[in-house]
Structures are given as structure tokens and as C-alpha cells.
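Please read the numbered points below beside the model, which is set out here. They take up charge pairs first, and then helices and surface.

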Amino acid sequence: MADTGPAQTRAGWMDMLRGLAVLLVALFHIHYPVGERVPAIPDALMRFGEAMQPFRMPLLFLLSGLLLPRSLAKPMKDYTVGKLRGLVWPFALWTVIAAVCFEVLWTDDDPLWLFKDVPAMLMGWQHLWFLSVLIVCYAVAPLTGLLPAWVLPLPMAVASSFLTPGGTWIDYCQKVLWYGAFFFAGAAVSRYLRSWQSLRPLLPTAMFAFTLAWGLIAARDEELRTAMGFSTFLISLVGVLAVLWLAPRLPRIRFLEWAGRGSIVVYLVNLPAITIAFESIDALGITEPWAVIGILCAAGLLVPLAM
């Protein structure tokens, strides 16, 4: 039987998970320039970010899907206007900001080359792919009035397995299918969320153990942690569902909830801020390891959180 009532409304643990996921994304964006400029950084720190890679973006998509039934309960006009304001406008605005930012930082013979690459801008340049894919998911979502959300995830994940990376649009379609599978999985799970979170610990504990083992393996194998296909969808889904079971049992962390409520700002701002900081470090000739780490962490975490 499907759950009804409060389990389908937004809860503090949802914001906490969203905040955790988006901060893990920001740390992931930080750890590559840190690794490049601070060779002595402990390997364990680098591996941690890579171990989280199969789970953090799927978690963000699934959390968005959990709230889809509430969004679709609104009149279609309100639903459309809400997504235009909350997703399409920030995507368009930050596409321009990112293009200007990177045009200035990365000089080229053609100063407008980014603006002329219309497909790249539509698909989401750099980190903006997340919003682009999310917009596609919300555009398709009203069709769940005709076709239940639970029907979509597995066929989408299977279809992603047959797309061989190699072309810009093919890569993008694979992202839409693979990450979209998590979005619609979230919409499907939302009906049974309370029952899942009330489950006894045996199965979720086993899922956590599997997730931990997979994370450790994936941390040392780039192909495993970046592959998009049916098997990797199932593996990541196991980890995300285990986290959903655990979340309401965790003590409330107000900071993470606060970060989660502003997660879109943190996501949008962190990479441009990190890039500007990285280029500034080079321009100023800063080489002291802790200064490099401090500047990049301030740019990737403090600046987005302050906005």
C-alpha cells in the first residue's frame, strides 16, 4: 500500500542530505586543483572524493524526484512558472556568467567561442549540465500522469547502456537517461518512503556494507565510478536507498539543512569561484601548500555558502 501524508512532504532530513551532497560536489571540485598544486596531500583524501562519485549526483537527482508528486499536484501553470523561475532562469543566467568568467580566464583567438557553441550551452557547460538534465526531467515529468513513474527508471537505465560515449549529443542523452532514471526512481519511491524508512536494519545494513565496498573499489578505478549503464545504476541506487533509510535516524545538523535549502546557489557558484581562485593562485605565485588549500576551500565552500 502506498504511503500518504507527511512522508511525501519536504522534511529536514531531505535538506540535510541535499546539503551534504552539494558540499561533497564542491569538495570534489576542490580536490583536483589541490592535488595538482599540493602533491603531498594525503592520498586518502583524494580517494574519499572519488569513492563518493557514484553516489552524490544520483542522490541529488533522487531527492529532486522525491518532491515531484508535490510539484505535480499544483496547477500546470503554477508548475511551469515555478520551474521556469527556479531552474530555467538560474540555468540561463549562470550559463552567461560562466561563459563570461571562463572567456576572461581562458583567452582564445576567438573571444566569443563559448557563446558560439550553442549546443554546449544548451546541454550545460561545465557543471551546469546538472540543471540542464534536471530541466529535461521536469519537462517530461507531467507525462507521469499517463505513465506511472515506476515504469521509467529501469528502461531509462537500460537504454543508457546502449549509448557509447563519443559524441556531444550522445553523451548528453546518456546523462539524461542515466540520471533521469534516479529522478523518476525518486518519484516512484516517494509513495513508499515511510514504509522504507520504517524497515528493520538488516537489509539496509547489508546495502550499506555493499555500498562501502563498492566505493572503495570505485575510488581506484575511474571507469567503474564514471560508467553509466544498467548495472552501475543499480549499484548507485542501492547506496542512495540505504542513505534514505538512515537519514531520519541521524541527529539534525542545522548547518547541512541550511546548506541544503540553498543547494542550488552552492552548486552554481562553487566551480566558477574555485576556477577564479585557482587562476589567481597561479597569477600571484602562491605556492605555500596550506595557503593554496585555504584559498581554494574558501572559494569553493565559504563563498557559495555566503551568497
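1. Arg-225 and Glu-50 are both buried, where buried means under 20% relative accessible area, exposed means over 50% and partly exposed lies in between, with a 1.4 Å probe and protein chains only. Their side chains meet in a salt bridge at 3.6 Å, N to O, the term being used for a side-chain nitrogen of Lys or Arg within 4 Å of a carboxyl oxygen of Asp or Glu. This pair links distant parts of the chain, since Arg-225 belongs to helix α13 (residues 222–226) and Glu-50 to helix α2 (residues 43–51), 175 residues apart. Helices here are DSSP runs of H or I with at least four residues, strands are runs of E with at least two, and both are numbered from the N terminus.

2. On provenance, this is a predicted model, in which local features need pLDDT of at least 70 and side-chain atom pairs count only at pLDDT 80 or more, whereas totals for chains, interfaces and linings use all residues. Residues are numbered from 1 along each chain as its sequence is written, and side-chain values use heavy atoms, with hydrogens and water left out.

3. The structure holds 4 salt bridges. Glu-257 takes part in one with Arg-252, the closest N and O atoms being 2.7 Å apart, and in another with Arg-261, at 3.9 Å, N to O. Glu-257 and Arg-261 are separated by about one helical turn, because they are 4 residues apart in helix α15. Elsewhere, salt bridges that share partners join Arg-47, Glu-50 and Arg-225 into one network.

4. Helix α17 (residues 289–306) has 18 residues and should span 26 Å at 1.5 Å a residue, which agrees with the 24 Å between its end C-alpha atoms; the expected span is 1.5 Å times one less than the number of residues.

5. Leaving aside neighbours within four places in sequence, Ala-298 is in contact with Val-303 and Pro-304, contact meaning heavy atoms within 4.5 Å. The C-alpha atoms of Ala-298 and Ile-30 are separated by 9.9 Å, although these residues are 268 residues apart along the chain.

6. Helix α10 (residues 168–189) has 22 residues and reaches 32 Å from its first C-alpha to its last, close to the 32 Å expected, and it bends by about 25° at Gly-180.

7. Pro-153 lies in helix α9 and is buried, with a relative accessible area of 7%; outside four places in sequence, Pro-153 contacts Ala-181, Phe-184, Ala-185 and Phe-233, while its C-alpha atom is separated by 6.7 Å from that of Phe-182, 29 residues apart along the chain. Ser-160 lies in helix α9 as well and is buried, with a relative accessible area of 0%. Not counting residues up to four places away in sequence, Ser-160 touches Gln-174, Leu-177, Trp-178, Met-228 and Gly-229.

8. Finally, which residues form a nonpolar patch on the surface? They are Val-140, Leu-143, Leu-146 and Leu-147, with about 400 Å² of accessible area together. Leu-146 is found in the loop between α8 (129–140) and α9 (153–161) and is exposed, with a relative accessible area of 75%. Patch members have over 30% relative accessible area and no salt bridge, like charges being joined within 9 Å and nonpolar side chains (Val, Leu, Ile, Met, Phe, Trp, Tyr) within 5 Å; accessible areas come from the Shrake-Rupley method with a 1.4 Å probe, and for residues only the protein chains shown count as cover.

Technical notes. The bend at a residue is the angle between axes fitted to the seven residues ending there and the seven starting there.
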